[in-house]
Amino acid sequence: MHRKTAVTPSFAQLVSVTSVLATIACSASGSQPTTVELLARAPERGNWFPQTIEAKQGETVNLVIRNVDPVTHGFYLPGLNLAAGEIKAGDVRELTFTPHTAGEYSFYCSAWCSDFHMHMRGKLIVR
Ligand SMILES: [Cu+2]
């Protein structure tokens, strides 16, 4: 006779195997992305906030861009070839990227949002 209980792993054993595998997968792919929040506002309503964001070389960033303004904005960072396209009022866009070269990169609003649109710019510093 087979002793079924001896060969069937319990739920608790399955959970613990799964969590060990998840931990291995996580450490193999490096650390979790760092979330950076960026608010999009026309210059007369406060401009990008924060206007300077930071990242570390080789570390993945999840950039969350929230348009908290009543008008459409856009996000464009040519130095790293990052673009979020148009972001309508109240919308959120996420860009995930890993910068490999230290330096300062300007980013811009890519949608004509106000008379001061040309001043809607910020900086990413990669250390
Ligand atoms: Cu804008």
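The following legends describe close-up views of a predicted model.

**View 1. Overall arrangement of the elements in the protein.** The protein contains 2 helices and 8 strands. Read from the N terminus, the elements follow the order α-α-β-β-β-β-β-β-β-β. Of the 127 residues in the protein, 21% are buried. Among contacts with a separation of 6 or more, 65% join residues 24 or more positions apart.

**View 2. The largest nonpolar core.** This core comprises 18 residues, and those with the most contacts inside it are Leu38, Ala40, Ile65, Phe75, Ile87, Met120 and Leu124. At least two residues of the core come from each of the strands β1 (34-40), β3 (61-67), β4 (73-77), β5 (82-87) and β8 (121-126). Strand β3 gives the most, with 3 residues. In soluble globular proteins, nonpolar side chains tend to be buried together.

**View 3. The surroundings of Leu38.** Leu38 is one of the residues with the most contacts inside the largest nonpolar core. When residues up to four places away in sequence are not counted, Leu38 touches Trp48, Ile53, Leu63, Val64 and Ile65.

**View 4. Tyr108 and its contacts.** Tyr108 lies in strand β7, which covers residues 103-108. This residue counts as partly exposed because it has 19 C-beta neighbours inside 10 Å, whereas a buried residue requires 20 or more. Apart from neighbours within four places in sequence, Tyr108 is in contact with Tyr76, Met120 and Arg121. The C-alpha atoms of Tyr108 and Lys123 are 8.7 Å apart in space, and the two residues are 15 residues apart in sequence.

Definitions and conventions: Residues numbered from 1 in each chain as written. Predicted model: local features only at pLDDT ≥ 70, side-chain atom pairs only at ≥ 80, totals over all residues. Core = buried A, V, L, I, M, F, W, Y, C linked by C-beta atoms within 7 Å. Buried ≥ 20, exposed ≤ 12 C-beta atoms within 10 Å, placed from the backbone. Helix = DSSP H or I, 4+ residues; strand = E, 2+ residues; numbered from the N terminus. Contact = placed C-beta atoms within 7 Å.
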